[in-house]
Amino acid sequence: MRRRTLACALTIAGSDSGGGAGIQADLKTFAARGVYGTSVVTALTAQDTRTVRRVMVVPPAFVRAQIDAVLDDLGAEAVKTGMLGSAAVVAAVADALSAHRVRHLVVDPVLLATGGRPLLGRGGLAMLLRRLVPLAEVVTPNLAEASMLVGFPVRDLKGMAEAARALVDAGAQAAVVTGGHLAGDAVDVAYVDGSIHRFRAARVPGEAPHGTGCTFAAAIAAERAKDVPIVDAIRIAKRYTTTCIRRALRLGHGRPILGHLVVHVA
């Protein structure tokens, strides 16, 4: 059998039945960025473009079984985590990734649904900080998630830089706080190798699409799977996500859905 020459990226996240976020968005992003995508489902959601109706968390042992199955056979040059759903699942994921010695890990700390519904309880947040953040190469919270993780309000570019530093102090190698909810241009602030970096894009007018955080983190993971340096990977992911927003699709009755597969950004 011929050995593969295509880089593999694994997403460990919840399933979005509407296809706009979660593992569905991640797999589309991996395909668009030229890597082979595999997936581990941590939670099932009944959701559409308007809201999350119900959530069912997958038992931790089965999450671990999925990770072992994928990494024992296909391996992964990079792994991205998204919605994990419970403290027990966070612990199972951290145990598995430590055992498999995953090289490039991008942690998207999915704590709240778009409408504000909690997706990981207080115990899960503490477990994420204690067990998963120290394994992360890059952590990618939005403003609300960053505030919850670092314990102080993150409302502006200065606060974003302070939060990114605090997440590195908590054990991550690098952190990028996304500023899509700020007024004006969309600016993300990263702390990498002791330096602050800002990534700016003109805001795309109109309603914000569903799944931008998942897509951004997945794109970073895809680039890291190809050994693109972290700062360049963030820059490419920013450009790709912005292009997906510009090509967003109106398919349902709620938020637009990102145009993952109608674009290609070099």
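The entries below follow that order.

I note that the model is predicted, that local features need pLDDT of at least 70 and side-chain atom pairs pLDDT 80 or more, and that totals for chains, interfaces and linings use all residues. Residues are numbered from 1 along each chain as its sequence is written, and side-chain values use heavy atoms, without hydrogens and water.

Sheet. I looked up the strand order and found an open sheet of 9 strands, E3-E2-E1-E4-E5-E6-E7-E8-E9, with mixed pairing. Strands (E, at least two residues) and helices (H or I, at least four) are DSSP runs numbered from the N terminus; two strands pair if DSSP finds at least two bridges between them. E3 (52-57) and E9 (195-201) are the edge strands, each with a single partner, so one side of each has no neighbour in the sheet.

Helix packing. I found helix H1 (residues 22-32) packed on the sheet, touching E1, E2 and E4, with its direction at about 150 degrees to that of E1. Contact means heavy atoms within 4.5 Å; axes are lines fitted to C-alpha atoms, for helices over the stretch in contact, and angles run from 0 to 180 degrees between N-to-C directions. Helix H2 (residues 60-73) lies across E1 and E2, at about 160 degrees to E2.

Glu223. I located Glu223 in helix H7 (residues 212-225). Glu223 counts as buried because its relative accessibility is 2%, the limit being under 20% relative accessible area (1.4 Å probe, protein chains only). Beyond neighbours within four places in sequence, Glu223 contacts Arg33, Val228, Ala233 and Ile236.

Technical notes
Buried means under 20% relative accessible area, exposed over 50%, partly exposed in between (1.4 Å probe, protein chains only).
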